[in-house]
Amino acid sequence: MKAVVVYYSQSCGNTRKIAEMIGLTNGADLAEIQTVSDYGDDYNAVMAKARDEINSGYIPELKPLSVNLDDYDTVIIGTPTWWYTMAPAVRAFLRNTDLTGKRVYAFQTHGGQPGSALKDIRLLSKGENIGDFAVEFDSEGGSRMLTSLDDLRAWIGDIR
Ligand SMILES: Cc1cc2nc3c(=O)[nH]c(=O)nc-3n(C[C@H](O)[C@H](O)[C@H](O)COP(=O)(O)O)c2cc1C
């Protein structure tokens, strides 16, 4: 099995930390989704911009990914929850990428209101979807994990 975690992480690095944990645990490579235009550091401004983008269906331009997905059988997609769905950068990745024939896992990080992010990823990704996981943090913008570490480890341990 050759696996890669393709993730987007913007505010406090929660999604990156989970991606790194998957990489450390099962040897998956990591590839960060990055937008060409930065969202900046002002949390409220990011919230407002994200709401406008999601409401209008805006698809941001992405920087090239650091890996060639042809090299991988398993793709694990990670997104922060933005306005109850995936971040627009992850939507852009899924729209631009054909995952047909790959095993696809997905995880979201969120602050208590997971919404439909995982379901939305499932609808857009065309690979064989195997397993999803939601990781809760202590509040919107918080970085203390509330989800059980044992549950997270068990989900990671099942990735093939
Ligand atoms: C623009 C924006 C929208 C958010 N919307 C939600 C939401 O709908 N539900 C929720 O539980 N958390 C929401 N959050 C909190 C993030 O999902 C949470 O802090 C996540 O772990 C951040 O991941 P990151 O540090 O990798 O960017 C939002 C955060 C931002 C910046």
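Analyst: A pocket is an open set of grid points with protein on both sides, and its lining residues have an atom within 4 Å of a point. Keep in mind that this is a predicted model.

User: Thanks! Which residues lie nearest the centre of the largest pocket here?

Analyst: Those are Tyr43, Thr81, Trp82, Glu140 and Gly141, from a lining of 25 residues. The space in this largest pocket comes to about 430 Å³.

User: Which elements supply at least two residues each to that lining?

Analyst: You can look at α1 (14-26), α2, β3 and β5. Of these, α2 brings the largest share, with four residues.

User: What is the lining of the largest pocket like by class?

Analyst: There are ten nonpolar residues, 14 polar ones and one charged residue.

User: Let's turn to the inside. How should I read a nonpolar core, and how many residues has the largest one?

Analyst: Think of a core as buried nonpolar residues joined through side-chain atoms within 4.5 Å. The largest one here has 24 residues, and Val6, Tyr8, Ile77 and Leu94 have the most contacts inside it. Two or more residues come from each of β1 (3-7), α2 (43-56), β3 (74-82), α3 (88-96), β5 (103-110) and α4 (117-124). The element that gives the most is α3, with four residues.

User: Which residues does Ile77 touch?

Analyst: Leaving aside residues up to four places away in sequence, Ile77 touches Val6, Val90, Phe93, Leu94, Leu99, Val104, Tyr105, Ala106, Phe107 and Ile121. One of these, Phe107, belongs to a second, separate core of 18 residues, which also includes Ala3, Val5 and Val135.

Notes. Residues numbered from 1 in each chain as written. Predicted model: local features only at pLDDT ≥ 70, side-chain atom pairs only at ≥ 80, totals over all residues. Heavy atoms only, no water. Buried < 20%, exposed > 50% of the residue type's maximum accessible area, 1.4 Å probe, protein only. Contact = heavy atoms within 4.5 Å. 1 Å grid on protein atoms, 1.4 Å probe; cavity = no way out; pocket = protein on both sides within 12 Å on 5 of 7 lines; lining within 4 Å. Points joined across faces, edges and corners; volume = space filled by probe spheres on them. Nonpolar A, V, L, I, M, F, W, Y, C, P; charged D, E, K, R; others polar.
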